[in-house]
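This report describes the overall architecture of a two-chain model. Please consult the sequence and structure shown below while reading.

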Amino acid sequence: MDIQAKGLDYRALNEAIRAAGPSCRITGCLGQRFIGAGMSGRRVEIDGIPGNALGAYLGGGFLTVNGNAQDAVGDTMNGGSIVVRGSVGDTAGYAMRGGEIYVQGNAGYRAGIHMKAYQDQQPVIVIGGRAGSFLGEYQAGGTILVLGLHTDGKPAAGYFPCTGQHGGRVIFRGDVSAIRFPDQVTPHPPTEEETALLRPLVERWCALFGGDAEALMDGPFTVVTPDSKNPYRQMYAAN
Amino acid sequence: MKREGQVRIPSGCAISAVISREGRRMTGEKIVESMIPMHDRSNGLGGGFAAYGIYPEYRDYYAFHIFFDSRDTRKTCEALLKEGFEIVKAEHIPIRQIPEITDVPLIWRYFLAPMQSVLNRLQLDAEEYVARIVTKINAELRGAYVFSSGKNMGTFKAVGYPEDVGRFYRLEEYGAYCWTAHGRYPTNTPGWWGGAHPFSLLEWSVVHNGEISSYDANRRCVEMFGYQCTLQTDTEVMAYIADYLLRRQGLTLEETASVMAAPFWSTIEHMEPQEAERLTYLRKVFPSLLLTGPFSIILGFSGGLMALNDRLKLRSMVVGEKDDRVFISSEEAAIRVMEPDAENIWAPMGGEPVIVRLKEGTY
């Protein structure tokens with residue numbers, strides 16, 4: 001079912017999505033926030049520019065954007081997929097705790113900030129290009145993969161990546177010599193286990209956007225993980 | 001009444017701008033429309049616009065836009081202006097009667113030429129004299145606020161949503177080579193006419209999304225140089241910082257950006273020696289003009305604009321282009337309203353200024 005978004009505010013648009021049933025296509029989208037917020041089990045395809053907090057608290061289902069998305073894509077999402085055939089703004093996957101975000105282009109600042117994981121809730125963000133500063137800030141769990149394609153000669157991440165990271169992993173493809181990491185994390189080549197974890201992510205990104213997964217798997221990859229399970233244990237009090 | 005926690009206000013201010021590098025004049029319709037998809041970022045307590053190139057027939061005169069709370073205040077203010085200026089023209093700023101805008105003050109426009117005899121006696125150049133008079137009126141003349149004082153430019157602001165403010169001021173009747181816009185969600189300060197953005201002094205105008213946590217340090221610093229912060233809003237100080245650094249200290253825009261959004265020492269440490277030295281110098285000479293806290297701003301001036309984010313980039317900003325026009329907004333949706341086919345959409349880094357200048361001789 002088609003929904004013409006022109007003239008609809010975010011509330012009316014979300015009501016139209018709910019009324020549309022299991023799948024719909026939004027055309028003429030222009031800045032409406034909270035699309036698909038808290039929903040599950042729906043396929044929504046979006047033409048145009050969705051507003052901030054696309055798929056916030058998403059419980060499941062599949063959101064596709066045929067273009068760029070704005071800030072806070074997948075804010076605190078629990079499950080489902082968000083696929084952006086363009087770039088995303090700042091704070092994509094903010095406090096994400098499940099599901100996956102695949103971005104064809106670049107991500108803005110603070111992608112994956114405060115991402116977390118619990119048992120089988122293992123969130124994933126895959127970014128085709130590069131990411132802005134504070135990538136994976138305060139990351140507590142899950143996986144962020146930056147493929148470093150089409151970076152215009154810039155480093156795959158801006159300043160202060162992985163600051164305060166205390167769980168999960170950020171994986172970079174390509175040269176990371178220009179990126180400065182904080183002291184409490186360890187960049188290292190992937191272990192066999194980590195290679196096994198990243199391979200399906202690369203394959204899925206290529207399946208969605210095109211590209212040779214085998215060639216991309218040549219890497220090189222750098223995995224960044226915190227030094228210990230509790231790097232801040234003695235930061236404030238010795239107990 | 002709904003209490004805190006029962007109601008969600010998804011706001012955060014909105015900014016937007018368009019500039020024609022060729023100096024082509026555009027009506028205000030598009031910039032006003034660009035604020036519509038960002039409606040929810042404001043809460044109706046302030047909206048405003050700055051427009052450059054709108055008074056070509058009076059381009060040699062300082063255009064004062066002034067709010068008065070009464071006819072008496074206007075008479076007093078005009079007497080004060082007559083002491084130092086030839087008043088070339090005085091008129092009401094045309095407005096439209098619409099229900100969305102209420103409590104309208106007297107809104108006047110003056111085209112002014114400073115008297116050479118006065119400048120000679122005071123040993124001041126015209127710009128410094130104008131800056132001092134604006135400061136004097138805003139600080140000392142109760143009920144009068146000069147909210148625009150540049151040449152061939154003007155700001156227009158009110159309490160209301162920006163799209164209503166644009167209709168109220170009939171902005172579709174003006175032609176500007178550069179427009180900036182603001183939708184306000186006042187956080188710590190009152191929503192009143194003088195407190196709406198843009199904040200402006202001489203040719204400089206600032207629209208701002210964010211909140212300056214260094215405000216008081218910045219205010220104390222500029223007050224040492226004769227500025228007075230009278231408008232009860234943090235953003236005001238940015239207009240004065242711009243005037244101080246650009247006009248009085250003669251810094252470049254790039255240097256001004258490096259002062260206002262200076263990189264961290266830890267970032268400077270790893271830069272090429274020459275760049276590190278430049279940034280160290282600016283941080284040491286102007287430490288009190290570093291702005292901390294979240295901001296995205298657009299600084300308008302004669303012949304161009306500069307967009308700048310705080311160094312942590314705690315507010316959003318997107319830039320796009322089409323032909324000779326450059327668009328800057330809090331959200332890409334706003335750019336797409338002005339130009340659906342905008343190209344080269346990108347987001348500048350924190351502290352990375354985006355400077356757009358008109359071609360020489362086009363304004």
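## Annotated domain of chain B

In an unreviewed UniProt entry, residues 13-363 of chain B are annotated as "domain: Glutamine amidotransferase type-2"; positions follow the numbering used here, feature names are shortened, and annotations may be inferred rather than shown by experiment. Over residues 13-363 of chain B, 29% is helix and 28% is strand, with the end C-alpha atoms 30 Å apart.

The model is predicted: local features need pLDDT of at least 70 and side-chain atom pairs pLDDT 80 or more, whereas totals for chains, interfaces and linings use all residues. Residues are numbered from 1 along each chain as its sequence is written, while chains are lettered from A and ligands numbered from 1 in the order in which they are written.

## Fold of chain B

Chain B contains 11 helices and 18 strands (DSSP runs, numbered from the N terminus: H or I of at least four residues for helices, E of at least two for strands). Its radius of gyration is 20 Å, close to the 21 Å from the globule rule for 363 residues, so chain B is as compact as a globular protein of that length (taken over C-alpha atoms; the rule is 2.2 Å times the number of residues to the power 0.38).

## Chain A

The unreviewed UniProt annotation "domain: Glutamate synthase alpha subunit C-terminal" covers residues 11-173 of chain A. That span is 6% helix and 28% strand, and its end C-alpha atoms lie 40 Å apart.

Chain A comprises 3 helices and 11 strands. Along the principal axes, its C-alpha atoms fill a box of roughly 55 × 45 × 30 Å.
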